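Subject: Structure handover

Dear colleague,

Here is the structure for your files, followed by an account of what was found in it.

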Amino acid sequence: MDITTLSHSCDVKNAPETLSTNLQSDTQAIMKRSNANKMILSESKMKCMFVTGKRLCKCIENDKLSTQVNGKQLGQVEFQKLLGVLIDEKFSLVDHISEL
């Protein structure tokens, strides 16, 4: 099982739009490279998450990302386990610690 994690940061004023554009561009590049190497990627297993932290979430009105792969909208999750650590969109470790 291979896991690829894309990460971007930007100014909070235009965060969702800029992040969506950057993720869309990177996702298309990954799909193009995968297809060229005859690797199959499953859009249904791809997810996106908008991590803000506690303070920045109050500054952002819209936290929805818009990223598509092969015409299908990627699901946005509130938390994801990465290398054994449960990361949530507020970047708190409360859920991770309670899971231990």
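The protein chain holds two helices and six strands, where helices (H or I, at least four residues) and strands (E, at least two) are DSSP runs numbered from the N terminus. Followed along the sequence, the protein chain shows the pattern α-β-β-β-β-β-β-α, and its C-alpha trace spans about 40 × 35 × 20 Å along the principal axes. This is a predicted model, in which local features need pLDDT of at least 70 and side-chain atom pairs count only at pLDDT 80 or more, while totals for chains, interfaces and linings use all residues. Residues are numbered from 1 along each chain as its sequence is written, and side-chain values use heavy atoms, with hydrogens and water left out.

Of the 100 residues of the protein chain, 27% count as buried; the term buried stands for under 20% relative accessible area, exposed for over 50%, and partly exposed for what lies in between (1.4 Å probe, protein chains only).

Salt bridges

The count comes to three salt bridges, each being a side-chain nitrogen of Lys or Arg within 4 Å of a carboxyl oxygen of Asp or Glu. In one of them, the side chains of Glu43 and Lys72 meet at 3.9 Å, N to O. This pair links distant parts of the chain, 29 residues apart, with Glu43 in the loop between helix H1 (15–36) and strand E1 (47–48) and Lys72 in strand E3 (residues 72–73). Glu43 counts as buried because its relative accessibility is 18%, whereas Lys72, at 49%, counts as partly exposed.

A salt bridge also joins the side chains of Lys81 and Glu99, at 2.8 Å from N to O. Here too the pair links distant parts of the chain, Lys81 in strand E5 (residues 79–82) and Glu99 in helix H2 (residues 94–99), 18 residues apart. Lys81 is partly exposed at 43% relative accessibility, and Glu99 is partly exposed at 46%.

Lys90 and Glu89 form a salt bridge through their side chains at 3.9 Å, N to O; Lys90 is partly exposed at 32% relative accessibility, while Glu89 is buried at 14%.

Surface patch

Val85, Leu93, Ile97 and Leu100 make a nonpolar surface patch of about 400 Å². Patches are made of residues with over 30% relative accessible area and no salt bridge, like charges being joined within 9 Å and nonpolar side chains (Val, Leu, Ile, Met, Phe, Trp, Tyr) within 5 Å; accessible areas come from the Shrake-Rupley method with a 1.4 Å probe, and for residues only the protein chains shown count as cover. Ile97, which lies in helix H2, counts as exposed because its relative accessibility is 54%.

Largest pocket

The largest pocket has a volume of about 1600 Å³, a volume being the space filled by probe spheres set on grid points that are joined across faces, edges and corners. A pocket is an open set of points, on a 1 Å grid over the protein atoms alone, where a 1.4 Å probe fits, with protein on both sides within 12 Å along at least five of seven lines, and lining residues have an atom within 4 Å of a point. The largest pocket is lined by 42 residues, of which Thr4, Thr5, Leu6, Lys47 and Cys48 lie nearest its centre. H1 gives the most to this lining, with six residues.

Best regards
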